[in-house]
Amino acid sequence: MSWLQIVLIAYFILSITNLVDKIFLSTIVAKSVVYMLWVNVLSVVVVLGFVLVAILYQASGGEIGSLGALTWMTPWFIGVAVLAGIFFTLAIYFLYSGLQSGEASRVVPLIGGSIPVFTYCMTFWYAPLDGRTLLAFVILISGTVLISLMPSATGIARARRDAKPVFYALGSSLSFAALFVVTQYIFYAHGFINGVVWPRLGAAIAIAVVLAKPEVQRALRESFSGISGKQRAVWFTNQGFNAVGFLGQLYAISLPGVSVALVTALLGVQYSFVLIFATLLSLRMPTLLHEKVSSRTIIQKICAIILIAFGLYLVS
């Protein structure tokens, strides 16, 4: 399976989990910091479970190829990995804060439009794009930005309301870009498994810092008290799929010769899926996602999808 196929499958999975996250943040879990903590804890559990299975498979004589093995890294790379874990925590906190304060089909695409820009600014000096690849990169970003454009503000209150999710979105995209660049650095030096496991140490440190606040501990205890067993099952299942999608994205980045900037530019494909699913849900249940759907918006976003599809064609 090529890196492009892996990325497309990962982004399809992540588009669904993002919408489920939006529903939980809108109707069930009130605080994004609490949601971030639960997601972070579960990401550690899922990743460690994946690595345990890989190690046991390798110990039984199986081949795991480019995944590598879990080893002790130098202090420098441990520090880099801790930094990556902190970037991950910041990224998902800003992401869920943005989802809670804005529309899913606007906040998420804005993140996707700015992540590749930040990523390329960090990597162009050692991994420049050229020719057809650079054209695809620009087209993919253009399509993603077009998806995320908001209607004109109609007053100071509207402008302030729109500015808050934009701030969260840009904070998330900058953190994600740094995460991907730093993680690829670890992948190339120490393999996929080390690049996945060691950053969880940084995530654990970030969790400990946030949990030091008594009000956060109280909110965490109360967060799922009113949720039914069925809702909990849906949420845990969603986070499991979210981890699978994220691991798929990271694995594509770990492959030799793959541009991390181009992988992030393909996030526009994920947000096309988000747009389609969010629109369908809003037509059937307008109050569920609080999405605004008009003929003008639909035409705009169809044009964006066409741009993204053309960019995908150039990459393939």
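Q239 counts as buried because its relative accessibility is 4%, where buried means under 20% relative accessible area, exposed over 50% and partly exposed in between, with a 1.4 Å probe and protein chains only. Q239 lies in helix 10, which covers residues 229-254, and, leaving aside residues up to four places away in sequence, Q239 touches D21, Y35, V39, L42 and Y96, a contact being heavy atoms within 4.5 Å.

This is a predicted model, in which local features need pLDDT of at least 70 and side-chain atom pairs count only at pLDDT 80 or more, while totals for chains, interfaces and linings use all residues. Residues are numbered from 1 along each chain as its sequence is written, and side-chain values use heavy atoms, with hydrogens and water left out.

## The protein as a whole

The protein has 14 helices and 0 strands; helices (H or I, at least four residues) and strands (E, at least two) are DSSP runs, numbered from the N terminus. Of the 316 residues in the protein, 51% are buried, and among the contacts with a separation of 6 or more, 87% are between residues 24 or more positions apart.

I13, in helix 1 (residues 3-27), is counted as buried because its relative accessibility is 19%. I13 touches F241, V244 and G245, not counting residues up to four places away in sequence, and the C-alpha atoms of I13 and G248 are 9.6 Å apart although 235 residues separate the two in sequence.

## Helices 12 and 14

Two packed helices are described by the angle between their axes and the distance between the axes. The axes of helix 12 (residues 267-284) and helix 14 (residues 295-315) come within 10 Å and cross at roughly 150 degrees; axes are lines fitted to C-alpha atoms, for helices over the stretch in contact, and angles run from 0 to 180 degrees between N-to-C directions. On the helix 12 side, G268, V269, S272, L275 and I276 meet K301, I305, I308 and L312 of helix 14.

The protein exposes about 14,600 Å², of which carbon and sulfur atoms supply 72%; accessible areas come from the Shrake-Rupley method with a 1.4 Å probe, and for residues only the protein chains shown count as cover.

Y126 is placed in the loop between helix 4 (104-123) and helix 5 (131-148), and Y126 counts as partly exposed because its relative accessibility is 40%.
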